[in-house]
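Dear colleague,

Please find below the structure that I am handing over to you. My notes on it follow directly after.

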Amino acid sequence: QVQLVESGGGLVQAGGSLRLSCAASGINSIDVWGWYRQSPGKQRGMVALITNTGVTNYADSMKGRFTISRDNVKNTVSLEMNSLTPEDTAVYYCTIRSSLHNYWGQGTQVTVSS
């Protein structure tokens, strides 16, 4: 019933930018939006979070480079990624928390070449 669909991933050169988007359906009230990522050989980690009141949180390596934003009317969240490096190569997952439950998207691949 609840679906999260990510888009915007792709191949980009180091120093470039990408904008990821995530659209939620089948749910009305979202408490927290988030982006996580997982690269080969590493555990899944948090990238950025934004609450329904607009409070944001970023992983240290993303601060100043990534920006998370949301549109409560359209039920979407975006992640603007700048100054990308090969270390940012990963599958990026959209997640939401609603009524104490978590939901996950299928992920979108981001590849940063040197």
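Which side chain does the side chain of R65 join through a polar contact of 2.8 Å? The partner is the side chain of D88. A polar contact is here a pair of N or O atoms within 3.5 Å; within protein, one must be able to donate a hydrogen and the other to accept it, and residues adjacent in sequence count only if both atoms are side-chain atoms.

Before the other findings, a note on the basis. This is a predicted model, in which local features need pLDDT of at least 70 and side-chain atom pairs count only at pLDDT 80 or more, while totals for chains, interfaces and linings use all residues. Residues are numbered from 1 along each chain as its sequence is written, and side-chain values use heavy atoms, with hydrogens and water left out.

R65 is located in the loop between strand 6 (56-58) and strand 7; strands (E, at least two residues) and helices (H or I, at least four) are DSSP runs, numbered from the N terminus. With a relative accessible area of 18%, R65 is buried, where buried means under 20% relative accessible area, exposed over 50%, and partly exposed in between (1.4 Å probe, protein chains only). Leaving aside residues up to four places away in sequence, R65 touches E80, M81, N82, S83, L84, T85 and D88, contact meaning heavy atoms within 4.5 Å.

One of these neighbours, S83, has a phi near 50°, a positive value in a residue other than glycine. Most residues other than glycine have a negative phi. S83 belongs to the loop between strand 8 and strand 9 and is partly exposed at 42% relative accessible area. S99 also has a positive phi, near 50°; S99 sits in the loop between strand 9 and strand 10 (101-104) and counts as exposed at 53% relative accessibility.

Core and disulfide

The largest nonpolar core has 28 residues, of which W33, W35, L79, M81 and Y92 touch the most other members. Such a core is a set of buried Ala, Val, Leu, Ile, Met, Phe, Trp, Tyr and Cys residues joined through side-chain atoms within 4.5 Å. Among the elements that give two or more residues to this core are strand 3 (18-25), strand 8 (76-81) and strand 9 (90-98).

There is 1 disulfide, defined as a pair of cysteine sulfur atoms within 2.5 Å. The bond joins C22 to C94, with an S to S distance of 2.1 Å. It links distant parts of the chain, since C22 is in strand 3 and C94 in strand 9, 72 residues apart. The torsion about the S-S bond of C22 and C94 is about -85°, so the disulfide is left-handed. Both C22 and C94 are buried.

An open sheet of 4 strands runs in the order 1-3-8-7 with antiparallel pairing; two strands pair if DSSP finds at least two bridges between them. Strand 1 (3-7) and strand 7 are the edge strands, each pairing on one side only. Strand 1 and strand 3 pair over 5 bridges in the antiparallel sense, and Q3 stands opposite S25 in strand 3.

In strand 6 lies T56, which is partly exposed at 36% relative accessible area. T56 touches L49, I50 and I68, not counting residues up to four places away in sequence. The C-alpha atoms of T56 and I68 are 7.5 Å apart in space, and the two residues are 12 apart in sequence.

With kind regards
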